[in-house]
Amino acid sequence: MEKTILHIDCNKFYASVECLHNPKIRNKPVVVGGSEESRHGIVLTKNEIASRYGIKTAEPLWQARQKCPDLVVVPPNFPLYVRFSNMAKNIYKDYSDYIEPFGLDENWVDVTGCESGYAVAEEIRKRVKYELGITVSIGVSWNKIFAKFGSDYKKPDAVTVINRENYKDIVWKSPCSDLLFVGPATTKKLAAYGIYTIGDLAQADRNFLNSVFGKNGEVLYNFSNGLDTTPVRHKDDEQAVKSVGNSTTTPRDMVNNADVKTVFTVLGESVARRMREQGLKGKTVTITLRDKNLYHFTRQGQLKAHTDVSREIIDMAMKIFLENYKWENPLRSIGVAVSDFDIDEAVQFDFSGTVEKREKLQKIEKAVDGIRQRFGNYSVQRASMLADEGLSRFNPHDDHNIHPVGYFKEYKKESKAI
């Protein structure tokens, strides 16, 4: 039986929720933006009225105000957005047990076996609008990639079906940049070879794409041809811990290695503490970097043994960073994540005393965890953190800014299994 997959996208989610809760701003141009004082001052999302002024997501708030002097800027209220996200998912659960989040405001839902995917999508669209007071756009297709394309194709408050009869007329005629995960760099590279539309990409030689993009060439070929077979995960799989990580956008640009180490130290301590709380020890450390031009990349490295000690995680993060970044531009955000968990690994002692040192550090860090739990996160700090409190004075453990597992990682895993 062919799958029927929905991709449900809450339209202008943060701004829609804010306008719902504050009737006074409903008919005004509204954006949700971070604190300008702490340099998180970018547009996170905007309502439909603000969109008419040409305001774009991720642009600086000062720039948005130049386009619209009467702009209303509200700070993000993530607990409120999480509550609405969960209420929306509770509606989706009435139709399927297979619900996979793609951020707070987007979900794939597998409704295979229903008589009409369009009818189910329409019912969900109407229920969300009536019960929650916000709107959604829904794509319906036989695979996750085209379903996602469908939810982006027509907004707001709409349902778009991408099926085997119409995908060449709709998907293939669209620019490559409309395909999930095809960013500006990939779009530019494809254009250099005369590949401008998704149809051009779909009809390109598979071996040629592999020679240009490596393993991602196969991914691009499959995505453009509707050959993606990654399943929608079961709703209970959301709780499976595959990685533990934190990321942050800093109050000012990081301009040297000392700045990066300060932030990695805060992030690494948070990650290690969360791992200890869950009884996890990891071996793979992954860092993510985003510069002031919003260019980003991810790199990872392997520790010699599974650990939950922050010092080892921080040192590995810095090692990866120093080997891979040459300071072409200042950095605005970084992240650290640990994966490859094993709680039953046999301990192998060595003459250098590495294991004994790790055990001592574990005892110290667990004691610090207890103090922070009782007296607050800033009750115990490393002396080095006091040198630049502008960079170090944040609490990712309690704020819980999670560094997510990437879709490509999951896609490649599924591809190997097929």
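A residue is described here as buried when its relative accessible area is under 20%, as exposed when over 50%, and as partly exposed in between (1.4 Å probe, protein chains only). The model is predicted, so local features need pLDDT of at least 70 and side-chain atom pairs count only at pLDDT 80 or more, while totals for chains, interfaces and linings use all residues. Residues are numbered from 1 along each chain as its sequence is written, and side-chain values use heavy atoms, with hydrogens and water left out.

The protein contains 17 helices and twelve strands; helices (H or I, at least four residues) and strands (E, at least two) are DSSP runs numbered from the N terminus. Of its 418 residues, 46% count as buried. With contact taken as heavy atoms within 4.5 Å, 66% of the contacts between residues at least 6 apart in sequence join residues at least 24 apart. No disulfides are present in the structure, a disulfide being a pair of cysteine sulfur atoms within 2.5 Å.

A salt bridge is defined as a side-chain nitrogen of Lys or Arg within 4 Å of a carboxyl oxygen of Asp or Glu. By this rule, 21 salt bridges are counted. One of them joins the side chains of Arg-164 and Glu-2 at 2.6 Å, N to O. Arg-164 lies in the loop between strand E8 (159-161) and helix H7 (167-170), and Glu-2 in the segment before strand E1 (5-10), so the pair ties together parts that are 162 residues apart in sequence. Arg-164 is partly exposed, at 46% relative accessibility, and Glu-2 is also partly exposed, at 44%.

Within helix H5 (residues 117-132), Glu-122 and Arg-125 lie three residues apart, about one turn of the helix. These residues form a salt bridge whose closest N and O atoms are 3.0 Å apart, and both are buried. A further salt bridge, at 2.9 Å (N to O), links Asp-259 with Arg-252. Asp-259 is buried, at 8% relative accessibility, whereas Arg-252 is partly exposed, at 33%.

Asp-228 is located in the loop between helix H11 (215-224) and strand E9 (243-254). Although buried, Asp-228 has no salt bridge, and the nearest side chain of opposite charge, Lys-144, is 5.9 Å away; Lys and Arg count as positive and Asp and Glu as negative, with His and the chain ends not counted.
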